[in-house]
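Here is a short briefing for a first look at this structure. Please keep the sequence and the model in view while reading.

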Amino acid sequence: MNAKISIQHLSFEYDEHKPLLADLSLTFAPGAFSLLIGPTGCGKSTLLKIMAGLYPKYGGKLTQGQVDLGGLSQAMMFQDAGEQFTMATPREEIIFSLENLGMKQEQYETRLQRATEFAQIGPLLDQKIATMSGGEQQRVALAVLVAMDVDLLLLDEPFASVDPKARTFLVEKLVQLKEEGKTIILTDHVFTDYLGKVDQLYRFAGQTVTRLSAKERDAVLAEDARVPLTFALPQANAPAAFVLNGVLLKTSRLLLKQDELKLYKGKVTLLTGANGVGKTSLFRALTQLLPYSGSICWEGREVAKQPARTYFLHVAQVFQKATDQFIQITVKDELAISKKLRKNGYFSDERIKQALADLDLDSHLDQVVYSLSGGQKKKLQILLMLISGHEVLLIDEPLSGLDRQSIKQVVKLMKDSQAAMGQTIIVISHQFHGLSDWCDYHLRLDQQRLQYVTD
């Protein structure tokens with residue numbers, strides 16, 4: 001098929017008389033690799049959902065315009081991959097998707113094998129999806145789309161929780177799909193690995209979308225070239241918040257075997273490692289959500305033996321999935337709860353008001369939290385947890401779904417809070433951009449062992 005994918009005079013709104021997309025017209029070339037960029041909440045994900053046929057059927061209002069996919073079959077991968085799974089395991093999910101396409105059973109095995117090899121999810125095929133890391137779930141979601149063998153792949157930040165090595169691999173695999181004739185349209189805030197691979201780059205700004213020239217495209221994609229980072233090593237006699245001794249951490253397999261390790265008090269530590277090695281599981285052990293063998297002491301007291309009610313007044317986790325943190329309906333309701341939980345005077349009402357303005361959330365106070373964009377949810381989640389003023393914060397992927405300006409806003413907010421309150425903060429992140437200048441130490445989890453490193 002040679003027909004272009006055409007968007008004609010498209011206007012869409014979630015709230016009446018507040019259009020997110022206004023009279024938008026653009027085209028995508030079939031068989032091309034296209035990247036959509038722009039600030040958090042500008043409408044990139046919304047456009048993909050309209051193209052996928054999810055909106056306005058399941059949300060919002062299309063006030064004018066139309067989308068013509070040129071006869072291409074399509075499927076979408078969500079920003080939060082976990083939201084789109086129906087079955088318990090990847091094998092079951094892929095077979096379920098093929099059944100919905102009306103395929104015969106003898107065709108399943110070939111499709112399943114190709115998708116498994118493509119996304120390298122062989123070891124995950126029969127694992128419960130609910131037990132996987134965010135990055136592993138993203139790879140499974142991509143495998144489902146490959147198994148479906150659609151013409152058009154709509155991918156909403158498909159690598160937000162993927163480790164750098166897996167990201168490079170998967171971008172190359174998308175190029176392979178393009179060479180096989182597939183059309184790929186995706187959104188991303190991180191441009192690493194796209195230079196020389198993306199055909200078309202579209203920038204969202206305000207309510208307009210502009211296709212950049214080849215020269216402009218390459219200049220933008222070159223901005224995220226990886227640079228070497230250097231971290232200090234901690235002094236062994238420095239005060240510790242947590243001390244690990246003889247720790248064994250297991251789920252369906254052994255994740256951590258640690259003889260001795262300190263997590264340092266009043267410092268910011270970056271925790272990295274490949275998808276699925278156990279970083280989030282370590283956080284769960286530190287917050288009594290996962291049993292462990294050996295000893296993990298906080299302030300000299302065994303974590304597992306602490307009364308939960310008092311322990312969680314001091315130690316809190318910022319979950320990878322922002323919606324897991326929310327309780328109430330609107331942004332204003334969530335803020336009211338966090339204000340009641342404040343333990344010190346740093347986050348005054350005036351400071352919170354300023355933070356909302358800095359994070360571009362002040363105009364969303366009456367909005368239902370679940371209707372916010374992925375990046376807006378993440379910014380709100382982090383602000384809510386900082387307001388509570390815990391002495392220890394375990395923050396899981398704070399930058400996922402955030403554009404460059406939002407990363408600056410969020411890092412500044414966390415940095416100012418930590419400096420004022422002297423918090424112990426441990427951050428899991430696959431994105432070093434924006435974090436490296438803030439973190440004191442770099443702790444890497446590899447081959448079931450934690451080790452401080454300088455790079």
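Leaving aside its neighbours within four places in sequence, which residues is T269 in contact with? They are I425, I426, V427, Y441, L443 and Y452, where contact means heavy atoms within 4.5 Å. This is a predicted model, in which local features need pLDDT of at least 70, side-chain atom pairs count only at pLDDT 80 or more, and totals for chains, interfaces and linings use all residues. Residues are numbered from 1 along each chain as its sequence is written, and side-chain values use heavy atoms, with hydrogens and water left out.

**Strand residue T269**
- T269 sits in strand β12, residues 268-272. Helices (H or I, at least four residues) and strands (E, at least two) are DSSP runs, numbered from the N terminus.
- With a relative accessible area of 1%, T269 is buried. Buried means under 20% relative accessible area, exposed over 50%, and partly exposed in between, with a 1.4 Å probe and protein chains only.

**Helix pairs**
- Helix α2 (residues 90-100) packs on helix α4 (residues 134-148) at an angle of about 30 degrees, and their axes are 9 Å apart. Axes are lines fitted to C-alpha atoms, for helices over the stretch in contact, and angles run from 0 to 180 degrees between N-to-C directions.
- On the α2 side, the contact uses P90, E93, I94, S97 and L98. On the α4 side, V140, A143, V144, A147 and M148 take part.
- By class, this contact of α2 with α4 has eight nonpolar, one polar and one charged residues. Ala, Val, Leu, Ile, Met, Phe, Trp, Tyr, Cys and Pro count as nonpolar, Asp, Glu, Lys and Arg as charged, and the others, Gly among them, as polar.
- Helix α11 (residues 374-388) and helix α12 (residues 404-421) have axes that come within 11 Å and cross at roughly 5 degrees. The two helices α11 and α12 are therefore roughly parallel, a term for angles under 35 degrees.
- K379, I382, L383 and L386 of α11 meet S406, Q409, V410, L413, M414, S417 and M421 of α12. Seven of the residues in this contact are nonpolar, three polar and one charged.

- In helix α10 (residues 349-358), the buried residues are I352, A355 and L356. They cover an arc of only 100 degrees around the axis, which puts them on the same side of α10. The arc is that of the directions from the helix axis to the C-beta atoms.
- The buried residues of α10 pack against α9 (331-340), α11 and α12. Exposed E350 and K353 lie on the face turned away from the buried side of α10.
- In α9, V331, E334, L335 and S338 are buried. They fall within an arc of 100 degrees, so they line one face of α9.
- The buried residues of α9 pack against α10 and α11.

**Loops and backbone**
- Most residues other than glycine have a negative phi, and most peptide bonds are trans.
- E157 is not a glycine, yet has a positive phi of about 45 degrees. E157 lies in the loop between β6 (152-156) and α5 (164-179), and is buried at 4%.
- E397 has a positive phi near 55 degrees. E397 is in the loop between β16 and α12.
- G401 also lies in the loop between β16 (392-396) and α12. Leaving aside neighbours within four places in sequence, G401 is in contact with T40, Q79, E157, H189 and G375.
- Y55 and P56 are joined by a cis peptide bond, with omega about 5 degrees.

Definitions and conventions:
Angles under 35 degrees count as roughly parallel, over 145 as roughly antiparallel, 65 to 115 as roughly perpendicular and the rest as oblique.
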